[in-house]
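Student: I am new here, and I would like to get to know this structure. Could you walk me through a few of its residues?

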Amino acid sequence: IKEIPQVLEKIQMDWRTAEGQNRAAAWSLSRALSNRLRQKVEGKLAKDSVDLLITGCEVSLWLGEQMAADFNLCFKHLVVKTISSNKLLGLDGLEIPMAQTGHCISENAWDLHDSVVLIISHSGATFAPLAVSKLLQSVTNRIFVVTSELDTQIGKQLRDLGQLSHVFSTNLSMRPAEPCSISVAATQQLLTQILMYVASRLVSGQLSEAAGAVVTQTDLNELERLNRENIHALKEIVGYHGRTETEHELRRRGRAWAQHVLETPRAWILCAVYIAFTVTLASPPFLLVARTLLSLGDFEYRQEWLMVARAFDAAVYIFLPQLMMLLIRLLQCRPLLHRMTARTVVIGDIPWVAQSVEAFLSKLVACTYSATSLTVFSANPADHLVHRMTHRVVRGTLLACGRPDGRLMALTSGEQSVCLAVNQASSIQSMGETCESLTIGHNPYKLPLTAHHVCLKDSRPKYLCEHLLEQEEGRTGEKGEKGE
């Protein structure tokens, strides 16, 4: 994770110097899209034929879906589609096509003749994308790939076809044990660079109207500036130059949640020590105290009192795991009434972020011991988090949610939707306890119902709406001090 800023900065420098393989591939991609738009203007291609098809599997597909959404947002007339590589193989790679039930895609539904295809596969060896790159050669020779290096299997395949300029590379090389962290960040950075380059070529050329361009060169210049300044924000988050306030707070929250997960094996250890000690010495605490008191004098009903002491010791043995968990929580000053069971973590954010974090965390704990296992879910707080997750909220559920910066006018409604979802989940209570919610974002305001909030520092100049908001808050504060 600590390498992420350095890797992303290297990708940006590679594009700015305009000397690497990626710029050559981007030029080829933009030229291919421009040729298709030109053919559509001339009436040689159908208006609804697919201009750009983006495909991949799992995390690569989720990143591709975000890229397709960005392209459609910037260019209204550009026909961009995304589909899983497995679905493409099921439709066109089998002798008897497999029906894609529940998906708006069927045999020959999309016109892919001479379409531009972008295959995303960081390893370059995933079966479905590799097979798709062979399958689509029969309908188009405009196949591009985003991978970790030029020498991957899928990269070699395109090179053998004489299409070296169709390979984009993060230059990370293959990382077999990489659980969706640096590879995802590098791929997203590379896709961002591709989007900005292609958009700049289309906007500045004569095909801007044909593409239905909504984005302007000013917008792209602003995006480029934010893209460069993002490196400084990432270095602050990961503590690239040493411990930072943001990194410290994120690690502190992570360690606190780790204590929730580790309490089960710790309780087991304490139970084992207690049982081994009391059984070996034949001295359970209540029985030991009873024998000591009864030895001080001549008491009646000695056997009855000893039976009562044994009953209390039996109750301690029965509820020993719960008692040990309560003891651990008391010593660590953690909530006492959280459910004493395996923890559930819910990730809330925009689709590709939430799904990638879910994949990252679930893969990290895939090989853990059963006592420290986690159940991981993800959902979009602006869409279906309330419907999918709030009925599952119990005492001790861990909810981590990314918050848009509502101080920006374009993100105000989005932040309100997220805050509403988090507040609704945090207001479901049992025995006075609810889920332990954590929000992360640039807005310093903490929601009253959330347990924690981590504020990320800005590395960009403030926009006009932020200055106006600060002035309004200043005037409101002055009126409050005067008692108006």
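Tutor: Gladly! Let us start with a term: a salt bridge is a side-chain nitrogen of Lys or Arg within 4 Å of a carboxyl oxygen of Asp or Glu. The model is predicted, so local features need pLDDT of at least 70 and side-chain atom pairs pLDDT 80 or more, while totals for chains, interfaces and linings use all residues. Residues are numbered from 1 along each chain as its sequence is written, and side-chain values use heavy atoms, with hydrogens and water left out.

Student: How many salt bridges does the structure hold?

Tutor: Side chains of opposite charge can pair when their charged atoms come close. Counted with the cut-off above, the salt bridges in the structure number 25.

Student: How far apart are the closest N and O atoms of Arg407 and Asp405?

Tutor: Arg407 and Asp405 are both buried, where buried means under 20% relative accessible area, exposed over 50% and partly exposed in between (1.4 Å probe, protein chains only). They belong to a network of salt bridges that also links Asp458, Arg460 and Glu466. In the salt bridge of Arg407 with Asp405, the closest N and O atoms are apart by 2.8 Å.

Student: How many residues apart in sequence are the parts that Lys235 and Glu9 tie together?

Tutor: The side chains of Lys235 and Glu9 meet in a salt bridge (3.5 Å, N to O). Helices (H or I, at least four residues) and strands (E, at least two) are DSSP runs, numbered from the N terminus. Lys235 lies in helix H9 (residues 217-238) and Glu9 in helix H1 (residues 4-17), so in sequence the parts they tie together are apart by 226 residues.

Student: Is Lys235 buried or exposed?

Tutor: The cut-off for buried is under 20% relative accessible area. Lys235 has a relative accessibility of 16%, so Lys235 counts as buried.

Student: Which side chain makes a polar contact with the side chain of His122?

Tutor: His122 is in the loop between strand E3 (116-120) and helix H5 (127-135). A polar contact is a pair of N or O atoms within 3.5 Å; within protein, one must be able to donate a hydrogen and the other to accept it, and residues adjacent in sequence count only if both atoms are side-chain atoms. At 3.1 Å, the side chain in polar contact with that of His122 belongs to Thr170.

Student: What is the phi of Asp114?

Tutor: Most residues other than glycine have a negative phi. Asp114, in the loop between helix H4 (85-92) and E3, is not a glycine, yet its phi is positive, at about 60°.
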